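Here is a short tour of one protein model. Look at the structure first, then read on.

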Amino acid sequence: MENYHSKTLLLSLVVIFAISPVFSQSITDSVVTKPDNGQFNYKWTEPIYQSVNLDSIKSQKADYDNYLNSLELLEDRLQSNRKELKMLTNQANDEAKVINNERKYLAEKKKFARDDEKYLKTEKSLRDKEAKQLVTDRKELRKFSKNLSMSEMNERVAKLDEKDAKIKELESQWTNKRNELKKSLNSYAEKESELNRREVEVKEHLRELDRTKAALDLKAKQLSLEKQQTKLEIKKSKALLKTN
């Protein structure tokens with residue numbers, strides 16, 4: 001009888017250890033009783049096995065594969081957005097360069113205008129002196145007119161009149177130049193205001209593009225982490241399928 005119980009115990013242990021790699025089990029401590037007749041009686045608790053649903057694992061793997069495909073699709077869209085963003089950024093930078101070049105060109109024109117303005121002021125000052133001198137010459141001529149013959153008087157008056165006409169002609173030309181210069185200066189001021197406005201718009205646009213780039217970079221990191229996690233889950237599912 002003792003040999004029979006020993007064989008039964010050994011067979012039970014072999015069966016339990018044989019199925020343990022496939023199923024996870026929980027077995028409580030066995031209760032061993034020793035009756036008065038000296039024979040051992042082993043009483044085992046019922047094992048509790050965890051469910052291994054192969055179809056569920058396969059479905060889960062398919063879900064991860066579909067999810068990974070969706071993530072890769074989002075990555076493609078993200079890459080397309082990056083290209084669009086780069087194109088817009090290049091356009092904005094090109095516009096900034098154009099504004100900068102126009103500003104340099106405008107600065108040169110303003111410099112020439114300031115030089116012209118200085119020249120006109122100098123010209124005006126010299127002509128005013130000529131006009132004052134002409135008035136003085138006429139006064140002097142009247143003083144000494146008694147000592148001059150009529151022909152000499154007429155000749156000197158004609159020269160003074162010719163000089164006066166020349167001064168007035170130059171003064172008229174100076175006025176026209178001054179008016180044109182004022183128009184140019186006003187035009188330059190308007191152009192500078194327009195450049196300032198465009199520059200503000202471009203800078204704001206570039207800042208907005210930078211914010212968009214930061215958002216895309218963050219989204220790219222999130223997608224990368226999500227892809228890594230999903231691939232890891234797929235790897236786990238494949239390993240579990242091979243095990244079972």
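## A loop residue

Start at Ser145. It sits in the loop that links helix 2 (54-143) and helix 3 (150-243). The model is a predicted one.

Is Ser145 buried, partly exposed or exposed? Its relative accessibility is 25%. Buried means under 20% and exposed means over 50%, with partly exposed in between. Ser145 therefore counts as partly exposed. Now find Arg156. Ser145 and Arg156 are eleven residues apart in sequence, and their C-alpha atoms are 9.9 Å apart in space.

## The overall layout

The protein has three helices and four strands. Along the sequence, they follow the pattern α-β-β-β-β-α-α.

Residues 24 or more positions apart account for 77% of them.

In soluble globular proteins, nonpolar side chains tend to be buried together. Here, the largest nonpolar core has 18 residues, and Leu78, Leu206 and Leu209 touch the most other members. Helix 2 and helix 3 are the elements that give two or more residues to this core. Helix 3 supplies the largest share, ten residues.

Leu206 is worth a look. Leaving aside neighbours within four places in sequence, Leu206 is in contact with Thr89, Ala92 and Asn93. There is also a second, separate core of six residues, including Leu141, Leu148, Met153 and Leu160.

How much of the protein is buried? Of its 244 residues, 15% count as buried. The protein exposes about 19000 Å². Carbon and sulfur atoms supply 54% of that area.

Notes. Residues are numbered from 1 along each chain as its sequence is written. This is a predicted model: local features need pLDDT of at least 70, side-chain atom pairs count only at pLDDT 80 or more; totals for chains, interfaces and linings use all residues. Side-chain values use heavy atoms; hydrogens and water are left out. Buried means under 20% relative accessible area, exposed over 50%, partly exposed in between (1.4 Å probe, protein chains only). A nonpolar core is a set of buried Ala, Val, Leu, Ile, Met, Phe, Trp, Tyr and Cys residues joined through side-chain atoms within 4.5 Å. Contact means heavy atoms within 4.5 Å. Accessible areas come from the Shrake-Rupley method with a 1.4 Å probe; for residues, only the protein chains shown count as cover.
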